[in-house]
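Thanks for coming, everyone. I'll take you through one model this morning, a few spots at a time. Here it is.

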Amino acid sequence: MDITYDIHGNTRLASAGIKLRCKLVKVVMTRFAAVTALCALLTITSIQDPHAGVAAQDGVVVEPVSAFAKVENRIGAVPLGSTTDAELVARERDTLAPKERRNGESFEFQAEVSRLMDIIINSLYSNKDIFLRELVSNASDALDKIRFLSLMDKTLLSDGKDAELDIHIKVDKKENVLSIRDNGVGMTKEDLIKNLGTVAKSGTSSFLDQIQSGGDLNLIGQFGVGFYSVYLIADYVEVISKQDDDKQYIWESSADGSFSISEDTENEPLGRGTDIRIHLKENAAEYAAEGKLRELVQKYCQFINFPIYLWVGKEIEDPVEEDKDTAIGKGTSAENLEDKKEETEDEPDREEEPKTKPVKRTEWNWEYLNNMKAIWLRNPKDITPEEYNSFYHSLTKDFSEDDPLAWTHFNAEGDVEFKAVLFIPSKASQELFDDYYTNTPQLKLYIRRIFTSDGIDELLPKYLAFLKGIVDSDTLPINVSREMLQQLSSLKTLKKKVVRKALDMIKRIMDDDPDEIISEDEDGLEDNEEEQTNEKKGKYAVFWKEYGNFIKMGVLDDSANRKRLAKLIRFQSSKSGEKLASFDQYVARMKPDQSHIYFMTGQDKNQLKNSPLLEKLLKNEYEVIYFVDPLDEYVMQHLTEYEDKVFQDASKDSLKILGKEGKVKMKKAAKMYKKLTRWWKDLLAGESIGFVKVSARLANTPAVVVTSRTGWSSNMERVVLAQALVDPSKVSQMKSKRILEINPRHPIIRMLLQKVTEDPADEVAHRVAVLIYETALLESGFTLNNAKTFAEQIHSLMKLVLDVDPNAQVEEEEDEVDLKDDDSELNNFELEGTGENDNGAGNISDPEPVNMLTEHFEDIETRVASDFGRNAPPSNDVVGEDDVKRQIFKEASQIFKPDSEQSLNDEL
C-alpha cells in the first residue's frame with residue numbers, strides 16, 4: 001500500500017497505490033528519424049498560447065520583454081492594521097494575471113477529470129461556498145504540520161515573520177482573482193505532481209461509476225479531491241508553493257485534462273508556504289466581494305486554530321489645503337480680496353487659517369476575521385459561567401437577556417474522539433412545536449475547528465432537537481462532502497455519547513433542584529428546602545414546562561434510553577398537591593403491600609379526582625397518578641414497569657386491589673349476582689358490552705364502564721377521534737369490548753336484583769338498567785351513541801319525581817301580541833312609589849323610570865324590554881291615557897333599540 005499526500009503534503013493512504021502516470025516525450029534521434037524530429041520541434045514552437053504573451057512570427061519565437069513586478073516578501077506579513085504603498089495593488093495585479101509558462105513541464109491528470117468535475121459539481125457538493133472551507137482546511141493542515149515538525153526541529157520556525165502562522169485572503173477585483181495564502185509546510189515539485197495530479201486511485205473508472213450509481217462515498221476524502229472543489233468557481237488556478245528543502249514552483253491548470261509545473265522565477269519568494277490564486281468564473285463574481293468572503297469565513301472557519309486575515313479597503317477622507325490661486329479662481333472678486341486684506345492689516349495678531357477640502361482615498365488593511373476563541377478546547381474548570389453565557393449568545397445569535405437553563409462541557413474518547421459544549425435554552429422556540437418530525441438538530445458539527453454542518457439528522461435524535469451547541473471532532477474523516485457524514489458508522493457512536501451526556505445534563509438540573517428531593521417525610525423535605533439556596537429551586541419545573549413533551553416523545557422513540565427518560569417524567573398525583581411528582585417520589589410513598597403503580601388518563605385533574613373509577617383506591621389511600629396530556633396515553637403504552645413496579649391503569653378491567661379475604665368475598669358476591677349480570681348482558685346485547693360483572697373498585701357509585709387490559713381507554717378513544725384525519729369507521733373497529741361493573745352493596749343494584757329475580761320482563765327494571773348503563777358511560781368518560789334517548793329517560797324520571805302525569809302534553813304556543821293593536825302588556829306593569837295622573841294631563845318630572853324598572857321588576861324587565869326592542873313601534877305611535885307608562889315605554893325602548901335607531905323619536 002502506497003502513501004500519498006494532500007495539497008499541502010499531509011500523508012494520506014489510498015487503498016490501491018496512487019501513482020502519477022506522466023507522459024514524457026523521449027526523442028530518440030536516429031539517422032532514420034531526423035526529419036520527423038525536426039518537424040515536431042517546429043510544430044511545438046509555433047503554438048500560440050493565449051496566456052503566454054508570446055508572439056510567433058514566421059516560425060521564429062519572440063520572447064516578450066517582461067519585467068514582472070515584485071511584491072513584498074510576504075503578503076500579509078505586516079501586522080494587523082498596517083497599510084501598503086499605493087502602487088502595491090497595481091504591482092500585484094500584474095503578478096496575478098493568468099499566464100501559461102512556456103518553460104513549464106506539462107503533465108496529464110491520472111484520473112478522468114471531466115467526469116470528476118461533473119461529479120464534484122452535481123453530486124459531491126450541494127453549494128459552491130464549500131470551496132473556501134476546503135482550501136482553508138487544507139491551509140490549516142499545512143500550518144498544523146509545520147508546527148508539529150518544529151517540535152523536532154526548532155529551526156523550522158525562526159523568531160522572525162515565518163514564526164507567525166496564519167492565513168491571508170486577498171482579492172484583485174479588476175483581474176477577478178482570489179488569493180488564499182498560508183505559510184505552512186509548503187510543497188516540493190514532487191509533492192505538487194503527486195498531490196495535485198492524482199485525484200483518485202488506480203481503477204478510476206470503477207470508482208466514478210460507483211459514485212454515479214449512488215455507491216458508498218465514505219472513502220472519497222482519502223483521495224484529496226477537496227482541492228478540486230475550487231473549480232466550482234474557477235476557470236484557471238495557480239498554486240505557488242515553496243518548501244524549505246526545495247525551490248519555489250508554480251502549478252497551473254484549467255482542469256482541461258492536463259497541468260503544468262515550472263520553477264517560479266517571476267513572483268517574489270514566499271519564504272515558505274503556499275499561495276493559491278483562483279481566477280474566478282464570470283458567474284462566480286460574488287466571491288470577489290469582501291462581504292461574501294467575510295461571511296463564509298465566519299460561518300465555516302470561525303474557530304480555526306490560526307488567524308485568518310482578509311485584505312479590505314476602506315474609503316476615508318483626508319483634509320487637503322486649497323491653493324490660494326484656486327480659491328481666487330472660484331469666484332473671489334478683487335474687491336473682496338482688498339477688503340479682506342484691510343481686515344488683516346487691522347488685526348495683525350490674527351493668524352489666517354488655511355482653507356482645506358476633503359479628498360477621498362482608499363486605505364487597505366488586514367482585517368482579523370476569526371477572533372472568536374474555541375471555548376470547548378479549554379479546561380471546563382477554567383471557564384466561568386459568564387464566559388459560557390457569552391459564548392451561548394454569540395453561538396446561537398440569541399441576544400436576549402435570557403441565559404441558558406443549563407450547559408455541559410465534556411471530552412469523549414474512544415473510537416471517536418470529540419469535544420462538545422451543549423446548552424439548554426431557557427425557552428423553547430415555537431418552531432420546535434410546528435412539526436416534530438421535520439425538526440433538525442441545532443448542533444453545529446466541526447471537524448478540526450472547521451464548520452461542517454448544522455443540520456445532520458444523525459447527530460441527535462428528534463426529541464433532543466431543542467439542544468444547542470457545538471461538537472468538534474479530530475477523528476472523523478474529512479469527507480469531500482461533509483454533508484454525507486451522516487452515512488458514517490462512526491457518527492452513530494458519536495450520537496450515542498452525545499445523547500447520554502445530554503440526558504446527564506438534564507438529570508443534573510433535577511438533582512440540584514430542592515423541590516425534587518425524594519423523601520417520605522414532608523416536614524424533613526421542608527427543612528432541606530430551607531437549607532438550600534433559592535437559585536436552583538424550581539428550575540426543573542421550568543425545564544419540564546418548556547420541554548416535557550420532548551422527553552415524552554423520547555420515551556416513544558428511544559427504547560435504548562427509555563429507563564433514563566422515565567426518571568425525568570413529571571406529573572401530578574392524588575398526594576402531590578399542586579407540585580409535580582416523579583416516579584421515584586411515588587415509589588418512595590408506596591404502601592408496604594402495594595405492588596402496582598396506579599394511574600389514570602383524562603382531560604383534567606378535577607375530572608380524574610372525582611371519577612368513580614378511583615373511589616376505592618382513594619378511599620384506601622393509594623396514590624393515583626393523574627395524566628392529563630393526550631401524549632400520556634401513548635407514553636404509558638410504552639412504559640410497562642418502573643423499578644420492578646408494574647404500571648396499572650385504573651380505568652382498565654385488570655385492576656387488582658384486593659387481598660385474599662377480599663377475593664373470597666368477591667367470589668360470593670359474583671355468585672349472588674350471577675342471574676342479574678347475565679340478564680343485564682342480554683339486555684345490552686347491542687351496546688358492545690363484553691360482559692357484566694361485580695366490581696371491587698366502587699364505593700358509592702352503582703356502576704361504571706371499563707375496558708379490557710389491552711383495549712383503548714375512554715380517554716384514548718377521545719384523543720383518537722379528535723385527530724383531524726381519523727377515519728371513524730376504522731376507529732370503531734379498534735375499540736375493545738366494554739365491561740359493565742356493578743356495585744353489589746349499592747341499594748339500587750340490590751333492588752334491581754330483587755325485581756329481576758321476581759320478573760325478568762319487568763318494564764321498570766329494563767328502563768332502570770339501561771339508564772344505569774348510560775349514566776355509567778358518562779361517568780366513565782365515554783360518549784353516548786344516542787343522547788336523545790338518554791334525555792327522554794331523564795325527563796320521564798323528572799315527571800315521576802314531580803308527580804306529573806306521564807301522558808301530559810306540552811301546551812300549544814300562544815299567538816304573538818301585536819303592540820300596535822293591544823297594549824295589554826303595558827297594563828301589566830305595577831309601579832310602586834310612582835304617582836299616576838288620572839286625567840292624563842300630567843308628565844313625568846322625575847327622570848328615574850328606568851331605574852325603577854331595574855330595581856323593582858328585574859325579571860319582568862328583561863322579558864318585556866327585550867320584546868320592546870324587537871317589536872316596538874316608533875314612540876309617537878303609542879297612544880294611551882297614562883303618561884307615566886308611556887314615558888317608561890319610551891325610556892325602555894331607547895335602551896334596547898339598536899344603535900342606528902337611537903336618534904329617532906327623541907320626544908314622545
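Let's start with strand S25, residues 703–707: is it largely enclosed by the rest of the structure, or largely open? Keep in mind that this is a predicted model. The strand is largely enclosed, because 5 of its 5 residues are buried. Look at the two faces. Ala 703, Val 705 and Thr 707 lie on one side, Val 704 and Val 706 on the other, and both faces are covered.

Who is the partner? S25 pairs with strand S26, residues 738–742. The sense is antiparallel, and there are 5 bridges.

S26 is part of what covers the buried residues of H21. Strand S24 (689–694), helix H24 (747–758) and helix H25 (763–779) are also included in that cover. Which residues of H21 are buried? Leu 676, Thr 677, Trp 679 and Trp 680. They span an arc of only 165° around the axis, so they sit on the same side of H21. Arg 678 and Asp 682 are on the other side, and those two are exposed. As background, an α-helix has 3.6 residues a turn, so residues three or four places apart point the same way.

Now the cores. The largest nonpolar core has 79 residues. Ile 424, Phe 466 and Ile 506 have the most contacts inside it. Helix H12, residues 489–512, gives the largest share, 10 residues.

What does Phe 466 touch, leaving out residues up to four places away in sequence? The list is Ile 424, Pro 425, Leu 432, Gln 442, Ile 506, Phe 543, Tyr 547 and Phe 550. Note that Ile 424 and Ile 506 are on that list.

Last topic: backbone angles. Lys 397 is not a glycine, yet its phi is positive, about 60°. Lys 397 is in the loop between helix H10 (385–396) and strand S14 (406–412). Its relative accessibility is 51%, so Lys 397 counts as exposed. Glu 621 is not a glycine either, and has a positive phi of about 65°. Find Glu 621 in the loop between helix H18 (615–619) and strand S21 (624–627). Glu 621 is exposed, at a relative accessible area of 55%.

How values were computed:
Residues numbered from 1 in each chain as written. Predicted model: local features only at pLDDT ≥ 70, side-chain atom pairs only at ≥ 80, totals over all residues. Heavy atoms only, no water. Core = buried A, V, L, I, M, F, W, Y, C linked by side-chain atoms within 4.5 Å. Buried < 20%, exposed > 50% of the residue type's maximum accessible area, 1.4 Å probe, protein only. Helix = DSSP H or I, 4+ residues; strand = E, 2+ residues; numbered from the N terminus. Contact = heavy atoms within 4.5 Å. Pairing = 2+ DSSP bridges. Arc of directions from axis to C-beta.
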